[in-house]
Amino acid sequence: MQYIFFQEKMTQDVEMKEQQVPAAAAPSNSVSSTTPVLQHLKEIAALIETGAYAREVRRILRAVRLTIALRRKLKASIVSSFLNVALAPGSEAHTRLSSYLPKDDQNDMEVDTASSATQTTVKHSPELEIYCYLLVLIFLIDQKKYSEAKSCSSASIARLKNLNRRTVDVLASRLYFYYSLSYELTGDLSEIRGNLLSLHRVATLRHDELGQETLLNLLLRNYLHYNLYDQAEKLRSKAPRFEAHSNQQFCRYLFYLGKIRTIQLEYTDAKESLLQAARKAPVAALGFRVQCNKWAVIVRLLLGEIPERTVFMQKGMEKALRPYFELTNAVRIGDLELFKNVAEKFATTFTSDRTNNLIVRLRHNVIRTGLRNISISYSRISLADVAKKLRLDSPNPVADAESIVSKAIRDGAIDATLDHANGWMVSKETGDIYSTNEPQLAFNSRIAFCLNMHNEAVRALRFPPNSHKEKESAEKRRERQQQEQELAKHIAEEDDDDF
């Protein structure tokens, strides 16, 4: 399965008054095609310095978003020039990061001839050093230099272990992500499992909530990559509660949780998690939403539901969901031969999506659907005709048909009786469904779904602290304090009188 990650988009931020700090200039909100990329990187570095000095994490987060918008324009010469500006020449970090960059791209270097002579180096800080690691790592992965990226990511993680600053947490979470990605791209994902567990323990002790969420998702992905579902569930159940500080990490967590629940045959919980992950995912994360819908379709089929046609007609997903549409059609009809042909036709797609073992489970659902259609159509039918209509290709189809019918009757899938002496299946008359509790249960489940969605929307709202309180003027504050002092003095005098 291809690695899924979100494509982050730069958003418009509200302009705010910057504090007077060394080397702090507010970068522009959008990346202009005429402004050199190196100048944008310098502005991002200034923004990081501002956030580090004022201890404002939101500035660091904004710097990461701006960097993602610039990643397609990065060149080796630009990154090298930025390292010369952001890091002290000759320092350990500068020497190490420069060694990962190619040296044959000097002709395309962007130079600012007007200010190169008077250029001042941005103040070196741990946040800026970690950002340089992140920038070089992103560049190496985009250039498909996976061996260098793996070495760079390992060096950045070793540097992170010595830092315990809340302003570094945002950068650290991105480094953890690319650290795992670089090892997965080289096929060595199992090597870092112990290191990820250690980093998760350290993040928990340091109350790094964003790091905990990111590392938990990376560990779950690590286990699921090697089909270690039991270990993934043990880790998930014993890890600190997922508080969802990042929508992207929460969506990934729901997706992994849905996969675990599916393998554990808990289809109802898996369906809820997968549909919620697809609904909460950003519109730009098309690959992620496609994967969520693929698994959700399989889970709904295993539950005996038939997904609506609109699920397969979503914009940008028609081609990717085509195999699952044909599979759904085979299950809906209850044609075992058609189901077998579809499974063989798209075997490569199902294997790459890692849903092949789930499709094997669907064979029983196809047989049950076909048997339900037969019981509705015929009041009495021989077991030989049942085997023929179900297209059972076993050595003894009549005996297999009898066992299938008896199991369906016992499970309540069909309302019929089995005449073993004559070899018949006798269907009972269909009653009025509105005389049962089925409509009430369906209505109750819909109400519960709507209430759950409303509660999640309320919890997702964010309000500034004390926004419900009116700001009082200095005069009202003095008057209130004077009244409190007089009241305290009056109470003290009454206490004296009591004694």
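Trainee: At what angle do helix H18 and helix H19 pack, and how far apart are their axes?

Mentor: Bear in mind that this is a predicted model. Helix H18, residues 356-377, and helix H19, residues 383-390, pack at an angle of about 130 degrees, and their axes are 10 Å apart. Angles over 145 degrees would count as roughly antiparallel and those from 65 to 115 as roughly perpendicular, so H18 is oblique to H19. The crossing of the two helices, H18 and H19, is right-handed.

Trainee: Which residues of H18 and H19 meet?

Mentor: From H18 come Ile367, Gly370, Leu371 and Ile374, and they meet Val386, Lys389 and Leu390 of H19. Sorted by class, this contact of H18 with H19 holds five nonpolar residues, one polar and one charged.

Trainee: Which residues in H19 are buried, and why are they said to lie on the same side of H19?

Mentor: Buried means under 20% relative accessible area, and in H19 this applies to Leu383, Val386, Ala387 and Leu390. They cover an arc of only 95 degrees around the axis, and therefore they are on the same side of H19. After H19 comes Arg391, whose phi is positive, near 60 degrees.

Trainee: Turning to another helix, is Ser182 buried or exposed?

Mentor: Ser182, which has its place in helix H7, residues 169-185, counts as buried because its relative accessibility is 0%. Leaving aside residues up to four places away in sequence, Ser182 touches Ala149, Lys150 and Ser153.

Conventions. Residues are numbered from 1 along each chain as its sequence is written. This is a predicted model: local features need pLDDT of at least 70, side-chain atom pairs count only at pLDDT 80 or more; totals for chains, interfaces and linings use all residues. Side-chain values use heavy atoms; hydrogens and water are left out. Axes are lines fitted to C-alpha atoms, for helices over the stretch in contact, and angles run from 0 to 180 degrees between N-to-C directions. Helices (H or I, at least four residues) and strands (E, at least two) are DSSP runs, numbered from the N terminus. Angles under 35 degrees count as roughly parallel, over 145 as roughly antiparallel, 65 to 115 as roughly perpendicular and the rest as oblique. A crossing is left-handed if the near helix is turned anticlockwise from the far one by less than a right angle, and right-handed if clockwise. Contact means heavy atoms within 4.5 Å. Ala, Val, Leu, Ile, Met, Phe, Trp, Tyr, Cys and Pro count as nonpolar, Asp, Glu, Lys and Arg as charged, and the others, Gly among them, as polar. Buried means under 20% relative accessible area, exposed over 50%, partly exposed in between (1.4 Å probe, protein chains only). The arc is that of the directions from the helix axis to the C-beta atoms.
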